[in-house]
Amino acid sequence: MSGRVLVVDDVATNRLLLRAKLSAAYYDVVVAEDGPRALELARSEQPDMVMLDVMMPEMDGFTVCARLKADPETAHIPVIMVTALDTAEERIRGLEAGADDFLSKPFNDLALFARVRSLMRMKMMFDELRLRDLTSRELGLAELMPDQEIEAEPSGPILIAPPDHGKGSILASALSERLAITTIVTSSEREALNLSRLELPDCFIVYQTLMEGGDGLRLVSALRARPETRQSAVIFVVENGDVGTAAKGLDLGASDYIEAPFDVNELITRIRSQLRRKRYSDRLRTNVRNGLKLAAIDPLTGIYNRRYASQHMNRVMDRARETGGVFAVMMIDLDKFKGINDRYGHDAGDAVLREFSRRLQENIRGVDLVARFGGEEFFVAMPDVDVSAAGHAAERIRRAIEHAPVRLPGQAGEVRVTVSIGVAVAGACEVDPEAIIKRADSALYRSKQGGRNRVSFFAQAA
């Protein structure tokens, strides 16, 4: 896995050493000798990671990290703080400044590259989500997707998988008191997996050795493999300073690790850091899902929009070419719809459109696609349908609309509605979806000209 790493250290020897190690692993390395230069390079070079020395003159690493995380241009870049003073207090201070991880001098290469790989994977995931989110916003969907606050506290419980009940109970009590959330202590690896489905924890604390002979590494791997826990924070607790096992934990998907015995304050700070990251990830995923939905769905009626229908037509045509079959498309228009808006108001018009959409969906097959093209104009694509079947389907739709009046909101009463339908049938030789839609539109015009509330075929309109 390659990527660009910005190394920041005021000591030239340290910069050269890190550059040599990372370059040997095929990372692209940029160096800075002080804080101001690091801030400048982070904005201009947009590295995938920053490795930042804590002790520097003029501007120390804590200040640099805080400024990186406060700048929207660089806030998404992971930061590993490098320190010779490996104390819980210093790690807590760095995490509170926004650091994603810590490394102690002199470096353990196994720990170094495990940390780098883990954060590079995270950065790539965030980059993809941010790009999709940006695309949605550039499509003009931002105003329809309200921003959400990023909270550092979990909404789901924290699940603790300890080596014994005593340690689990003590830790659960401390976390519940400090974070004011529910904690669950598991008695086995199997129970942890079962509870993860039921409780949906935001964070897991998984020890290296579990009760009943369980394996913490195996549990970490299983949590990352399951869709319901894939996005949860997982903090791996390593025993006896076992860096090799810690590195395996990160490679298997742990979000972070901490060495036992640990300061509970440091664990709580790490939990909060991981949960902020999870909240940001959740928000991006929600925005992407909402953006995709808004890009494909008409918000008033809940059916597909023209953009989606145009793409879907390509799949319908591909199927016809594969099977040598035929398909039909319909253009449907509500008759004299402007009069409903003028007489009863736009709320009544919206109610008519929603009710029409509901009846339309009730009178087509599951394989057929319904879309709103805009205003009172609707579209239906029907694969594997010939002229006769298309005619029966169109008449069924027309009668379903004509049969019963639409109830209007408030005290406005009811209104009778009819539709005009144009149908075009095409086969495997077709290559232009827009041309087929235009044929159906031409048939729709014939229905309008013929007195409305009727079905016409393109062949009749030609």
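Hello everyone, and thanks for coming. Before we start, please keep in mind that this is a predicted model, in which local features need pLDDT of at least 70, side-chain atom pairs count only at pLDDT 80 or more, and totals for chains, interfaces and linings use all residues. Residues are numbered from 1 along each chain as its sequence is written, and side-chain values use heavy atoms, with hydrogens and water left out.

Let's begin with the sheet. In what order do the 5 strands of the open sheet come? The order is S2-S1-S3-S4-S5, and the pairing is parallel. Strands here are DSSP runs of E with at least two residues, helices are runs of H or I with at least four residues, and both are numbered from the N terminus. Two strands pair if DSSP finds at least two bridges between them.

Now look at the edges of our sheet. Strand S2 (28-32) and strand S5 (101-104) each have a single partner strand, so one side of each has no neighbour in the sheet. From one strand to the next, the twist averages 20°.

Next, the helices. Helix H1, residues 12-24, lies across strand S1 (4-8), S2 and strand S3 (49-53), and runs at about 170° to S2. Helix H4, residues 88-97, lies across S4 and S5, at about 145° to S5. For these angles, axes are lines fitted to C-alpha atoms, for helices over the stretch in contact, and the values run from 0 to 180 degrees between N-to-C directions. Contact means heavy atoms within 4.5 Å.

On to salt bridges: the structure holds 40 of them. The term means a side-chain nitrogen of Lys or Arg within 4 Å of a carboxyl oxygen of Asp or Glu. One of them joins the side chains of Asp53 and Lys105, at 3.0 Å from N to O. This pair links distant parts of the chain, with Asp53 in strand S3 and Lys105 in the loop between S5 and helix H5 (109-141), 52 residues apart.

Are these two residues buried or exposed? Buried means under 20% relative accessible area, exposed means over 50%, and partly exposed is in between, with a 1.4 Å probe and protein chains only. Asp53 has 5% relative accessibility, so Asp53 counts as buried. Lys105, at 25%, is partly exposed.

Another salt bridge is formed by Asp202 and Lys278, whose closest N and O atoms are 3.5 Å apart. Asp202 sits in the loop between helix H7 (189-199) and strand S8 (203-207), while Lys278 is in helix H10 (residues 264-296), 76 residues apart. Asp202 is buried at 6%, and Lys278 counts as buried at 11%.

Arg359 is buried at 9%, and Glu355 counts as buried at 18%.

Finally, which residues are linked in a network of salt bridges? They are Arg91, Asp101, Arg115, Asp256, Glu266 and Arg270.
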